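Subject: Structure for you to look at

Hello,

Here is the structure you asked about. Please open it and keep it in view while you read the notes below.

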Amino acid sequence: MYGKRIRTFGNDDVPGVTEAEAMERDICVLLDQIHGFYKAALNRLPVKRVPSLAPRLVEAGVCLGYLDPVSNIAINTISYSPSPWPSSPDEDDVLSRLRKSILSKIITNIDDHRVLELPLCPCTAESMTVARRSLEGMVSFLIFNYRYLPEAEALRYLRLAGADLLVAVWLIDQDRSKSAPSVSGAGLLHGKPTFDVTSPATTIALRCAASSTRHPEPVILVSSSMSAVSRLVEVSKFLQDYDCLSAENVSCLHQLVTQAPQNMGTMGIWRPLHLAGVRLANRKRKRKLKDKKMKGKKKRRKEVERTFGYTEALKLLLLDKIHGLYLQAISRLSGDDLCKRLRCSILKSGYCYGPMDPVSNIILTTVWYDSKLCTPHEFDLGFEVDMICTNALMRIECCSLYGLLAFIRAYFSSLTEHDAIRYLLISNADIWSAIKMAEVDGHAMCYDHDGYKEAALASWHPDPDALVKFFSSSIIMEPTESCVPTRALTNCAIERLTMLISPKSSSTKSEDQVQQHDDVSPSSEILPENQKRFIREIQMKFKSDQGFFVRKVNAALFSYSQETGVQYELQVICGVNPVVVEGIRLSVFHAEADNLLTFVSREVRCFNCERKGIKIVHPYHESYQGRYDDFMEMAQGNHGFCNEAVIGSCDFYADVKCTLKEDWIFYDPNMDSKISLENPIIDWAGAKKRLKNRIF
C-alpha cells in the first residue's frame, strides 16, 4: 500500500469547511446517486404488469444487500410479500396513482433540514423517503460491521464507492488490512475472505441496518439477501440478462430468494467482494474516459478521493493490532515455571519496540527486565500468576503505542502523529517496516534525536537510561534473534536468552542483583505501614479473584471437552470483562491452537467490551452477551449510547497512562518507589473498601 499516498479524510480541499458541512455535502451527493439507482430499478421492474411492486418498493425496496445497488433494490422489492392489498372498486385507480407518484416517494427534498441529520431522529425516520432510509441503512451497516468507524467516515467511504455498499466494504477492508489487495485478490487475507457474508457478525450488521431503514420485516431482508448471494449465478441471469423483467421473471426470482440460503464455499463467500472490486475498477475506468472527453472543456467538479483520517479511529485500530502481538508473546511465555514468572515483568517492561520484530521485542525486553532490574524482595508473590490483569495489559499496550510513535517521529521530524500511526497500522506495529514505508513515501530521516531514548521516555519505562544502554549495546546481535523462537519458550530457551542478554545472569540472581536486593531492603522498610498492609491485602485479594476466574475457565473448558472430546489445558487468562447484565452468567472466551494462541484479525463486535475498552478475543461464529441486543437498539435509536459515544468511551478506557491499583500487586521497592511516594494511603479503611470489587 505504501509507495502511493493512502486516502485520508478531507473536505474536498475546500478550506474552512467544517465536518458537519462536509457530511451534509456527502449526504446530498449520495442521495443524488441513490435516486439514479431507483430510477434504474423502476425501469427494470415490471411495475405496470405487477402493480403491487410499486408500494412494495416504497415500503421495503431499500438499497441494502450483497449485490450491486440496483439489484439490491430489486431483490428487496420482490422478496417482500405483505398480506394482499384490500380489494376495492377503485383499487386499480389507487395503484395507477401510486405508479405515477412513485418517484415523488423516492426523490428526497434536501431542503428539509431533517434529511441532513445523521443518524436520523427516530421520530422522523418513518416519514423519510425510501432513498434517504436506504442511505441510513448503508451507513448503519458499515458502522455496526466495523469497530471505530465514525458516521462521517462511513459517508466518505460510501461517496468514494459511488453509493455502492459492497464497494465501500472493499475500500474499508483495503485500508484496514495489513496490505492492499488487488482487484484480482480483493477480499482475501491469508487465503481466507476478509469479509464473510455468512458470518454472524455480518448478519447482525445487516439486521441492524435493515432495522435502521424501518424495513417492515428485517428478517426477510436478511434472509433474501443471503439467499440471493448464495445463488448468485441463477439470480444474476435474471438481473443482468434482462433490461426489463417480466412478470414470470419476478415470480421465478421470488421463489429463488425466499428459499433457505445454500451452503457457500470459500470462493462463494469471496465472490461478492471480488465483484465489488471489479465494479470499482470499472467506475474508475469510466471516470478516466469521461475526463479525457472533458479535456479542454469546462472542468467538472473534482471527485472526492480521501477517507481514513480520524486519528482516534486509527489509534484504536493500532491498539487492537498491538493487543494481538501481546497475546502472541504471552502465549510463548505459557508453560514452565520460569515463563510464568515473566508474566509479571511483561507488564512492567515488555515493549514491542526494539531491534527485532514486535513479538520478539516484547519477549526480549521482558526477559532483560526480569534478569537485570527485577529483584527479590519481601513483597514477592507467594503464588503462581495464572491471570494477567486486564487494565495492566491495556496500559503496557498503550505505552508501547506511544513508544512506537516517539521512536518513528524522532527520526522523521516532519511526520505528523496521524501519518505515524498510519504507517504503524499498515506495518502491523513493526517499527522498521514503518520507517521503510515513510522513506519510500519521501520523508527524510534525521538523526538529531535518539529514537530509543524518546521511546523509553514516552512509554513510561521504569528505567529509560538502562533500556537505552541495553538497546545500544553490542549484545543485540544475530545470535539473540535466533534465541527467540516462534513457538512456546521453555525454561532452557529463557536461560539461553538470559545468558546472551546478560552473561553474568542466571535463573539464580547474580552477585550484582544480590547487592541490589541488599540496597532495596531499607527502601521497603521505610514504606508507611498503611502501604505495606495495602500491598499484602491486594495481593491476597488478587489471589482469591484469580482463583475464582481460573475455576470458571476450567469449568468451561471441561464442559467444552465433554461436548467435543477435545481436551484443553488452561495456560493463562489475559482478559476478563465482569461487567455484564445482571442475571447473565459470566462468559469466558479463549482461542488456542497447539499451545500457541493465534489472534484472528476479523471484525467481531461486543458492546460490553468496547464501551470499556476491553479487548477479549470473542468467538467468531458463536453468540454471546453484548453481540446483538445493544447494537440493535442503537440502530433503532433507542439506546443510551450512540456510535460516537462507543468510540469515545473505548478511547477513554484504552488510552491508559496512569498508576493503577494493580501496580501494588507486583510492587517492587527497587523500581516502584515513585508509586509509593505519589500514592500515599492515608485512609486505610477506605482503601480496603475500594477492593470490594473483583480484580480482573
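**Core and overall make-up**

The largest nonpolar core has 205 residues, and Phe141 and Leu142 are those with the most contacts inside it. Helix H14 (residues 311-332) gives the largest share of this core, 12 residues. Please keep in mind that this is a predicted model.

Leaving aside its neighbours within four places in sequence, Leu142 is in contact with Leu149, Ala154, Leu158, Leu165, Ala168, Val169 and Ile172.

The protein chain as a whole has 30 helices and 2 strands. It has 696 residues, of which 54% count as buried. Among its contacts between residues at least 6 apart in sequence, 75% join residues at least 24 apart. The accessible surface comes to about 31,200 Å², and carbon and sulfur atoms account for 52% of that.

**Helix H9**

Helix H9 covers residues 200-212, which is 13 residues. From its first C-alpha to its last it reaches 18 Å, close to the 18 Å expected at 1.5 Å a residue.

How many of the 13 residues of H9 are buried? The count is 10, so H9 is mostly covered, where buried means under 20% relative accessible area. Among the buried residues are Ile204, Ala205, Leu206 and Cys208. The cover over the buried residues of H9 includes helix H6 (130-145), helix H10 (218-230) and helix H27 (629-635). After H9 comes Arg214, which has a positive phi, near 60°.

**Salt bridges**

Side chains of opposite charge can pair when their charged atoms come close. The structure holds 16 salt bridges. A few of them are described here.

- Arg114 and Asp112 meet through their side chains in a salt bridge of 2.9 Å, N to O. Arg114 is partly exposed, with a relative accessible area of 32%.
- Asp320 and Arg147 also meet in a salt bridge, at 3.2 Å, N to O. This pair links distant parts of the chain: Asp320 is in helix H14, Arg147 is in the loop between H6 and helix H7 (151-160), and the two are 173 residues apart. Both Asp320 and Arg147 are buried.
- Lys348 forms a salt bridge with Asp672, and their closest N and O atoms are 2.3 Å apart. Lys348 lies in helix H15 (residues 337-349) and Asp672 in the loop between helix H28 (643-654) and helix H29 (673-678), so this pair ties together parts that are 324 residues apart in sequence. Lys348 is buried, with a relative accessible area of 17%, and Asp672 is buried at 7%.
- Asp26, Arg156 and Arg159 are linked in a network of salt bridges.

Leaving aside neighbours within four places in sequence, Arg395 is in contact with Val656, Cys658, Thr659, Leu660 and Asp663.

Lys453 is in helix H20 (residues 451-458). Lys453 is partly exposed, with a relative accessible area of 27%. Leaving aside neighbours within four places in sequence, Lys453 is in contact with Asp465 and Val468. Lys453 and Lys469 are 16 residues apart along the chain, and their C-alpha atoms are separated by 9.3 Å.

**Backbone details**

Which residues are joined by a cis peptide bond? Leu118 and Pro119 are, with omega at about 0°. Pro119 is in the loop between helix H4 (91-100) and helix H5 (122-125).

Tyr148 has a positive phi, near 60°, and is a residue other than glycine. Tyr148 is in the loop between H6 and H7 and counts as buried, at 4% relative accessibility.

Ala163, another residue other than glycine, has a positive phi near 65°. Ala163 is in the loop between H7 and helix H8 (165-176), and it counts as buried because its relative accessibility is 1%.

Regards

Note on methods. Residues numbered from 1 in each chain as written. Predicted model: local features only at pLDDT ≥ 70, side-chain atom pairs only at ≥ 80, totals over all residues. Heavy atoms only, no water. Helix = DSSP H or I, 4+ residues; strand = E, 2+ residues; numbered from the N terminus. Expected span 1.5 Å × (residues − 1). Buried < 20%, exposed > 50% of the residue type's maximum accessible area, 1.4 Å probe, protein only. Contact = heavy atoms within 4.5 Å. Core = buried A, V, L, I, M, F, W, Y, C linked by side-chain atoms within 4.5 Å. Areas by Shrake-Rupley, 256 points an atom, 1.4 Å probe, with all protein chains shown as cover. Salt bridge = Lys/Arg side-chain N within 4 Å of Asp/Glu carboxyl O.
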